[in-house]
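Hi there,

Here is the structure I promised to pass on to you. Have a look at it first, and then read my notes below.

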Amino acid sequence: MKKLLRKDNIKNLSSYILVIVAFVVCQILIGAKAMPSMYQSLLIPVCVYIVMALSLNLTVGILGELSLGHAGFMSVGAFTGVAIALALKEVITATWLLLAVAMVCGAIMAAIFGVIIGIPVLRLKGDYLAIVTLAFGEIIKSLFTNLYMGIDPEGGFHIGLITKPEDLVEGSKMLINGSIGISGVQKISTFTAGFILIIISLIIIFNTVKSRTGRAIMAIRDNRIAAECVGINITKYKMTAFVLSAAIAGAAGALYSLNYSTISATKFDFNTSILILVFVVLGGQGNMIGSIIAAAVLTILPEALRQFADYRMLVYAIVLILIMLATNNPTLKMFFDKIKKAIRFKKKEEAKEDM
Amino acid sequence: MKKILALIIAVVMMVACFTACGGQAETEATAFKIGGTGPLTGPAAIYGNAVKNAAEIAVEEINAKGGIQLELKYEDDAHDAEKAVSAYNSLKDWGMQIFLGSVTSKPCEATVAEAANDNYFLLTPSASSTAVIKDNDVGFQMCFTDPNQGSASAQYISDKGLGKKIAVIYKSDDVYSTGVLETFKAKAAELKLQIVSETAFADGTDTDFTAQLKDAQDKGADLVFLPMYYTPAYLIISQANQMGYAPTWFGVDGMDGVLTIEGADTSLVEGVMLLTPFNADSTDEKTAAFVKKYQEKFGEVPNQFAADAYDCVYAIAQALENAKATYDMDNVKLLEVLKEQFTSMKFDGLTGDGMTWDTDGAVTKSPKGMIIKDAAYVGLD
């Protein structure tokens, strides 16, 4: 019991509870038809961005390396997921299963890209690593804007770069159409799937952090030289965290793309990577519950500000600055620390009384 | 402790926005609610705002006539499919009955799927991709589809014998540009037009075109086809001028607007040809009145996007009047009557006379060939 109530366990538990409570509340609101359709349409993107923030937090917060190309992995997952879903549409008729398969494939493909990118990138550190991840994000974007993939009536795949594959026979269907991206996607993402993905991501991340691997990763973050001296295999653990982060982002990407009838590579540009980084920084590096809240709030905020019409993005920017300032204000921090101490003190008193 | 504060802020904001949206009073409907999404901010804002402004003018005019009354609301989608879907949903919450779709192609592909799901009638002024009307029963277009433009351009070049050796420069990461190119190439092959050079550029490499132009020049192209929007097109033309390369330039409707670039040297674009359904300098009574009104109100010459939007509102109004639709009809009923009207009626607008729509939702109207002469668009032939 004592072990279960350890500080970090309570923190982790509160993340699960927050997500579950939010899910239940949303479901009740939908059931009671009390939720405007705009907010309903935001539920899946919110889930996606939460998972993206969580996965990036693994790289930025736990591994301690700044990645500026995280949307690239989302893109890989998105394209793989949609292509798989379109290709298997006739084979798997249960949409939930199709979605699950698409998400798993998206995650696997993103993990493969994570390995490919990780090998050169993780030799670097700090600013250099950040710049190279940025470049890789752009490479992935450019790759997908020039990728053509068709499927012929017999189920064979044809892939072309820059131009359409020439061996495409009559009657075949284009899955990925260069800069046009993918159109005519069947919308199969559900809020429940998003919720399950968040919970799975949380379980993976919390358990990784608590494990031997997680401790090694954090040791590398805190002091690379010391960690190396102790005999920790730096490359292996860095790679583990990086690939894990990429895989989760890939699953989120698949969920995202299957929520819209159309997807193009330009969506997953530098701006999206930065947006996700903003969620992580705002929520606090290494702080998972913070990422969840930040991602949810900052995804809903610009839409909720629609009543300001032309000034919407201005108001959004101002709110963002204010939140950043407020969360880093020493006076406010001290104020909350005091409250925290008071609560703790009270608890101790109660504990004494109980004895 | 950040998280507690963040939580508090989050809760406050959530509560604020939910209360702001709730509590819509049910009142007697006195107008048809028409909604649309478009890029009112961001790099594509010029198109979104043109559409919004022109639609507003049309709604004002129709309301002033005293017949059927319309209410218009435009939401910003920043040329992004994800934002377009939430913009569409916020319009749904507002009580929209008829949907003007999205201004740009990719967002419109996303919103048309939503509209098909919810049974809203959709008439987009300018989203030209075929996916907007294909595979659904609700989407209609006021503009040409991309393929239509490409093949019409090839046909026109071939008919008029404008060029023997053709070069194409296109934007490889743009749906519009590649869409037009594809059908242009197909039609050109059919008509035995010779394409000698085909070069591309993308976002981020859209400032220096010397390599592409050199290729075209070296291969002796006497006509360069530019399926793109006017900003890069203007750069291409001015850089070719510096190189001393002067082929015939041929553009599509995205080229419309090249004369309104601030600080542009209009002498450079002299002789540029383009296919567009709308001519702001037309002496046609309706067009002249619209251009004058638009200029008075917004201080600029309306482009083809604006004209298409203006036509959209009038076409919807005409269909509603023909069908004797009433304000209390819901979107499903309106979809039914409007679809019936649109597939059977003829519409005369700024962008063409006697327009008709097929069951897919594609419009039939003839593009006009234009040439830039003395810093103005002049109709060819």
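This is a predicted model: local features need pLDDT of at least 70, side-chain atom pairs count only at pLDDT 80 or more; totals for chains, interfaces and linings use all residues.

Residues are numbered from 1 along each chain as its sequence is written, chains are lettered from A and ligands numbered from 1 in the order in which they are written, and side-chain values use heavy atoms, with hydrogens and water left out.

**Where the chains meet**

Chain A brings 50 residues to the contact and chain B brings 41 (contact means heavy atoms within 4.5 Å). Together they bury about 3900 Å², with 63% of it on carbon and sulfur atoms; buried area is the accessible area (1.4 Å probe) that two parts lose on being put together, summed over both.

Four salt bridges cross this interface (a side-chain nitrogen of Lys or Arg within 4 Å of a carboxyl oxygen of Asp or Glu). One salt bridge joins E114(B) to K187(A), at 2.7 Å from N to O.

On the side of chain B that touches chain A, the elements giving two or more residues are α1 (2-21), β2 (70-76), α3 (81-94), α4 (105-118) and α6 (175-190) of chain B. Helices (H or I, at least four residues) and strands (E, at least two) are DSSP runs, numbered from the N terminus. The most comes from α1(B), with 15 residues.

**One helix, two partners**

Helix α2 (residues 37-62) of chain A has an axis that comes within 7 Å of that of α3(B), crossing at roughly 155°. Axes are lines fitted to C-alpha atoms, for helices over the stretch in contact, and angles run from 0 to 180 degrees between N-to-C directions. The two helices are therefore roughly antiparallel (over 145 degrees). Among the residues that meet here are M38(A) and Y49(A) in α2(A), and V85(B) and N89(B) in α3(B).

With helix α10 (residues 270-283) of chain A, the axis of α2(A) comes within 9 Å and crosses at roughly 75°. That pair is therefore roughly perpendicular (65 to 115 degrees). Residues in this contact include Y49(A) and L56(A) of α2(A), with F279(A) of α10(A).

Happy exploring!

Notes
Angles under 35 degrees count as roughly parallel, over 145 as roughly antiparallel, 65 to 115 as roughly perpendicular and the rest as oblique.
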